Amino acid sequence: MTSRGPQEPKPYAFVPLPDRVERGKPAGHDSLHRGLLTGTIAGELVALTPVHVASGGIELTDNNRIPLVKAHFRTDGRAAIPGSSLKGAVRSIVEAITRSCVRVRSRTLRDRLAPEFEPCEARDRNAALCPACRLFGAPGYQGQVRFADAPLIQGQFTTILVPSLFAPRTHARVYYDRSGKVKGRKFYFHGQPARGNVPLEACGAGSRFRLQVDFANLTEAELGVLLTALGQGDPPFALKLGGAKPACLGSVEVKVHCVETRDIDGEVLGLEGSARKADPEGLLAAATALLIRTNLERLHGILRKDGQRLCPSQSY
Ligand SMILES: [Zn+2]
């Protein structure tokens, strides 16, 4: 492993938790409501650095020096970014920029949070949910946004070598300092990928993937929050997906081609002719009703595209 010395800066920063959680009754997804927005966001994901989403398997290569690599996720035999990864990345951002609950599995971590930050649960039809749980779901509630797997449409697999400490692993979402005080939600910076000796099958920088996000019964503010979390606001920012995030893998820019909403005729979806293009600018403006401005600015500072920053190649 290459070493750049012991003083490498941390590859992440924190977005503070909100002052409170704002819960409301979700609109549901079983039937579609007039006056709410149902439709599809279509676009592309463009990899700014190599992307690796582990399939859990091992793949043979035709390279004698590196015969085996940790395999990338595929759908129908094609390289793809799983909808679940995309949803996870976008949900983390929505949680950080709205007054949403804190989903932590560890009991000891949960005990340090004020009770109102407890994860939402839809125990009955009248349960109130935070913005992130309305969009992406909570125990007992499916959520109103669905991410399709994003197949690779341009680019190909490549083998990359990442530092062993940054082999894919899961990270806690919320962190505490030594006194037990909450530091907030953790996000990794973008930068130049660090090199190491663990071979991964990855989609190279410049790869393009087809994006499709379906939504049902959203308010303009909720759809605006979703677009903001996809990096579409001003200034724009890139997402982080998949494994080896601390080593600067998985920087992905979202290009939205169109936001289409469908007119609801009673409880039934209209035919193709009744689809119409929504105005992303108007939706982004409507999002301010749900956004925490200072947290969004903090997130912009962390997730702004940065091709110069060096990512650490060792423990931090
Ligand atoms: Zn919640």
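Contact is taken here to mean heavy atoms within 4.5 Å. On that basis, and in a model that is predicted, V90 is in contact with F136, F147, L226, A229, L230 and L239, once its neighbours within four places in sequence are left aside.

V90 also belongs to the largest nonpolar core, which has 71 residues, and is one of those that touch the most other members, together with I41, L45, I93, V145, L223 and L226. Helix α1 supplies the largest share of this core, namely seven residues. Apart from it lies another core, made up of 11 residues, including I160, V162, A194 and V198. In soluble globular proteins, nonpolar side chains tend to be buried together.

The packing of α1 against two other helices was examined next. Two packed helices are described by the angle between their axes and by the distance between those axes. For α1 and helix α4, the latter spanning residues 220-229, the angle is about 115° and the axes are 9 Å apart; the crossing of this pair is right-handed. On the α1 side the contact involves V90, I93, V94 and I97, which meet V225, L226, T228 and A229 in α4. When the residues of this contact are divided by class, seven are nonpolar, one is polar and none is charged.

Helix α1, which covers residues 83-97, also packs with helix α6, formed by residues 293-303, at an angle of about 140° and with an axis separation of 8 Å. Because angles over 145 degrees count as roughly antiparallel and those from 65 to 115 as roughly perpendicular, α1 is oblique to α6. From α1, the residues making the contact are I93, A96 and I97, while α6 contributes N295, L296, L299 and L303. By class, the contact of α1 with α6 comprises six nonpolar residues, one polar residue and no charged residues.

Leaving aside neighbours within four places in sequence, P280 is in contact with L227 and V259. The C-alpha atoms of P280 and V252 are separated by 20 Å, the two residues being 28 residues apart along the chain.

Conventions. Residues numbered from 1 in each chain as written. Predicted model: local features only at pLDDT ≥ 70, side-chain atom pairs only at ≥ 80, totals over all residues. Heavy atoms only, no water. Axes fitted to C-alpha atoms, helices over the stretch in contact; angles between N-to-C directions. Helix = DSSP H or I, 4+ residues; strand = E, 2+ residues; numbered from the N terminus. Parallel < 35°, antiparallel > 145°, perpendicular 65-115°, else oblique. Nonpolar A, V, L, I, M, F, W, Y, C, P; charged D, E, K, R; others polar. Core = buried A, V, L, I, M, F, W, Y, C linked by side-chain atoms within 4.5 Å. Buried < 20%, exposed > 50% of the residue type's maximum accessible area, 1.4 Å probe, protein only. Left-handed = near helix turned anticlockwise from the far one by under 90°.
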